[in-house]
Amino acid sequence: MSLGLLGTKVGMTQIFDGEGNVIPVTIVKAGPCTVTQIKTKPIDGYTAVQLGYGEVGSATRTLNTKEPKTVNKYLSNAELGHLAKAGAAPLRHLREYRLHDTGSYQLGQQIDVTIFQEGQLVDIAGTSIGRGFAGNQKRHHFGRGPMSHGSKNHRLHGSVGAGTTPGRVFPGVRMPGRLGGSACTVKKIQLVKIDPEQNLLLLKGSVPGKAGSLVSIAPANIVGKAK
Amino acid sequence: MNIQETIRSVEAAYLKSDLPEIYVGDTIKVGVRIKEGNKERVQPYEGVVIAKHGSGINSTITVRKVFQGVGVERVFLLHSPKLDAIKVLRRGKVRRAKLYYLRDLVGKATRIKQRFDRPL
């Protein structure tokens, strides 16, 4: 229940710590984000802060209607109107962060990487890399059949159940299908370094998605904390 | 700033600027920082560079020497703070980028001809 930040994954590299050990890091360009809406208990039933990220500019396109209209190329007028209430520039991504107390935030306020401290643990939410229609070796870490000695079973999944009884395949049997491209959160990643000038965060290890994909960085939500 | 420039700007703070130019075939002396308890000392390691790998902050060299009749190969991360200093002792004349064939040779056959056109 604390405010996070939206950002773009830049890529991975490695840096050295004080003792000379190598730390693999992912670079994330985070923020600055604009507070685009503050949700309150009486109106919305819960309290949260909505952040916007990713300026789209003012490029236009012409609608093919009876009387041609010129509108923003990326956002609808409804979205633009919502952002105009906060006095924000046209932003592509909006995300809410549930907070107990939203008192210290105002509409249009800029949030940047200085809300984090170096060494802090954070949760990263993003979209995992899409792998299309994948077989069971890749999707469910099945073993493989013998490649030789007359074997014709190389990458098949094997039996999916018994015969006449029950006469059907039970739901939930692991089978090939779409893999990746889904929401994915990696918890308790160490924030190694912050660069406020370039709005960069250096996170230890890997984060979901390809370079250029949208990620959300929020302070780690530690469940079952010691009393 | 594009992706490559951003990554390079992060790495820049960790790159060494005083590295000598190292070629495959050179005989070099590397000072390795070793921590024992809370004392730190520098252990020298001398051998022939048989391979270079990677670029930028990820660049490594493989240094081979024969110690007490046993071949030893160590891979050094060039920009690591654990490397104290690298000194080129001798430039070697070789016709390969990777000198893995030295692993199969012993004694006199492992000698590498010296070249004089590159400064130390």
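How many residues does the contact take from chain B and from chain A? The contact, defined by heavy atoms within 4.5 Å, takes 15 residues from chain B and 17 residues from chain A. The model shown is predicted, with local features requiring pLDDT of at least 70 and side-chain atom pairs pLDDT 80 or more, while totals for chains, interfaces and linings use all residues. Residues are numbered from 1 along each chain as its sequence is written, chains are lettered from A in the order in which they are written, and side-chain values use heavy atoms, with hydrogens and water left out.

**Figure 1. The interface of chain B and chain A.** About 1400 Å² is buried between chain B and chain A, 68% of it on carbon and sulfur atoms; buried area is the accessible area (1.4 Å probe) that two parts lose on being put together, summed over both. In chain B, the residues that lose the most area to chain A are Ile7(B), Val10(B) and Tyr14(B), together 36% of what that side buries. Helix H1 (residues 3-11) of chain B gives the most to the side that touches chain A, namely six residues. Helices (H or I, at least four residues) and strands (E, at least two) are DSSP runs, numbered from the N terminus. The side of chain B that touches chain A divides into eight nonpolar, five polar and two charged residues. In this classification Ala, Val, Leu, Ile, Met, Phe, Trp, Tyr, Cys and Pro count as nonpolar, Asp, Glu, Lys and Arg as charged, and the others, Gly among them, as polar.

**Figure 2. Chain B.** Chain B comprises one helix and five strands, in the sequence pattern α-β-β-β-β-β. Its C-alpha trace spans about 50 × 40 × 25 Å along the principal axes.

**Figure 3. The largest pocket.** This pocket has a volume of about 310 Å³. Of its 15 lining residues, the closest to the centre are Tyr97(A), Asp123(A), Ala218(A), Pro219(A) and Asn221(A). On a 1 Å grid over the protein atoms alone, a pocket is an open set of points where a 1.4 Å probe fits, with protein on both sides within 12 Å along at least five of seven lines; lining residues have an atom within 4 Å of a point. Grid points are joined across faces, edges and corners, and the volume is the space filled by probe spheres set on the points. Strands E7 (91-98), E9 (121-127), E12 (183-195) and E14 (214-219) of chain A each supply at least two lining residues, and E7(A) provides the largest share, four residues. The lining divides into six nonpolar, four polar and five charged residues.

**Figure 4. The salt bridge of Glu96(A) and Lys39(A).** The closest N and O atoms of Glu96(A) and Lys39(A) are 3.0 Å apart; a salt bridge places a side-chain nitrogen of Lys or Arg within 4 Å of a carboxyl oxygen of Asp or Glu. Glu96(A) in strand E7 and Lys39(A) in strand E3 (residues 33-39) are 57 residues apart and link distant parts of the chain.

Figure 5. Thr165(A) and Pro166(A) are joined by a cis peptide bond, with omega about 10 degrees. Pro166(A) lies in the loop between helix H3 (136-140) and strand E11 (177-179) of chain A. His149(A), found in the loop between H3 and E11 of chain A, has a positive phi of about 60 degrees although it is not a glycine.
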